[in-house]
Amino acid sequence: MKKISTVQEKIESKFRQQVQNDKKVENAYLLVHSEKLGIDINIAEGKTREIQANPKQANHLASVGKLFTATLISMLHDKGLLSFNDKIVKYLDADLMRGLHVYRGKDYSGDITIKHLLKQTSGLNDVFFPLLKKMMNDPNLEMTVKEALEWGKANLKPVGKPGQKHFYTDTNYYLLGLIIENITKEPFHETVHEMILEPLQMDNAYINGYSEPKNKPQYPPAHIYLFNINFIENRRIAKIDYAGGGVVAPLSEYLVFMKALVNGQLIRQSTLNQMIYDDVNMGFPVLGFDYGYSVWKPKAIALLMPKKYFCWGCVGVTGAFMFFHPQTEAYVIGTFNDKSYTSKALRFMLMKIIKPLLKIQ
């Protein structure tokens with residue numbers, strides 16, 4: 001018990017020190033939970049303006065929301081309403097599909113599959129960051145998701161043929177959101193609530209810019225910063241996040257989602273295995289990662305990254321992470337809520353959280 005207490009105190013201390021010593025970070029949140037190890041951490045550090053950071057605050061974990069989108073697609077797969085190998089032309093408007101993917105003079109629009117979108121191998125370019133910069137410069141600019149995709153068709157070139165290479169882009173997940181809408185016949189955010197949030201009683205969760213939580217919030221949501229824009233308070237910009245990462249919830253409710261995913265409450269185990277292991281290699285500035293269906297996994301590297309560090313989950317550009325570490329049965333969820341932590345947060349998670357947890361065994 002003393003060893004467990006010492007490790008827990010060490011993790012909490014390292015996290016608080018990291019935040020206190022970095023002026024870029026306004027607020028940060030960390031949850032580490034393992035029934036196997038007897039570890040239960042749920043802490044916050046910093047402030048949201050004048051309010052002291054509180055673990056009960058809702059957090060926007062940026063692209064961590066993509067795992068909710070991929071899970072919805074997998075739920076529809078398990079219901080027999082789609083196949084991962086289906087061509088997306090089966091589910092999307094002809095006007096949207098027209099000229100969607102023209103690469104070096106050849107139209108590959110009809111070749112893109114749902115699996116290509118999930119694995120970020122469609123070859124489509126990213127509309128999110130170029131549009132974000134335009135919206136920052138033009139306070140009157142507002143777009144729907146379909147308008148954003150049309151803008152991308154007119155202004156951006158594909159980066160490769162479908163299936164040729166991995167290229168991380170929100171465009172793929174916008175299209176997945178529209179596919180979900182086509183099948184369920186309702187807006188994406190309503191489907192998230194009906195198929196995931198409500199059944200799991202995630203009553204404090206919602207989709208940023210589109211819906212509200214079932215419960216009236218006791219605390220304001222934590223601020224999140226992308227290019228000095230407070231993403232949580234700018235509804236106009238938040239709406240282009242959509243199925244690419246719009247989920248907002250307290251970390252305790254992200255834990256509910258991850259437990260349900262791991263324990264087979266949402267999708268079949270065989271489907272989850274496909275999400276995790278049907279992957280492609282992706283480069284990353286610090287460590288190599290493989291990428292499944294919105295699932296990141298650190299690649300085993302002798303000495304640097306032994307197999308015992310294997311974990312899987314999802315990452316957000318603002319220093320957000322939501323992972324499951326099978327060896328310790330630990331859920332590690334957190335965010336530094338600032339883009340300067342895109343890679344730094346992953347290093348912290350692996351070295352300052354999972355590494356100490358391994359010493360308990």
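**View 1. Buried residues in the predicted chain.** Of the 361 residues in this predicted model, 59% count as buried (buried means under 20% relative accessible area, exposed over 50%, partly exposed in between, with a 1.4 Å probe and protein chains only). Local features here need pLDDT of at least 70, side-chain atom pairs count only at pLDDT 80 or more, and totals for chains, interfaces and linings use all residues. Residues are numbered from 1 along each chain as its sequence is written, and side-chain values use heavy atoms, with hydrogens and water left out.

**View 2. The overall fold.** You can trace 12 helices and 16 strands here (DSSP runs numbered from the N terminus: helices are H or I with at least four residues, strands are E with at least two). The C-alpha trace spans about 65 × 45 × 40 Å along its principal axes. Look at contacts (heavy atoms within 4.5 Å) between residues at least 6 apart in sequence: 69% of them join residues at least 24 apart.

**View 3. Zooming in on Phe 129.** Phe 129 sits in helix 5, which covers residues 128-137. Is Phe 129 buried or partly exposed? Its relative accessibility is 27%, so Phe 129 counts as partly exposed.

**View 4. Who touches Phe 129?** Set aside the neighbours within four places in sequence, and Phe 129 is in contact with Leu 226, Phe 227, Val 317 and Lys 339. Now find Thr 169: Phe 129 and Thr 169 are 40 residues apart in sequence, and their C-alpha atoms are 9.1 Å apart in space.
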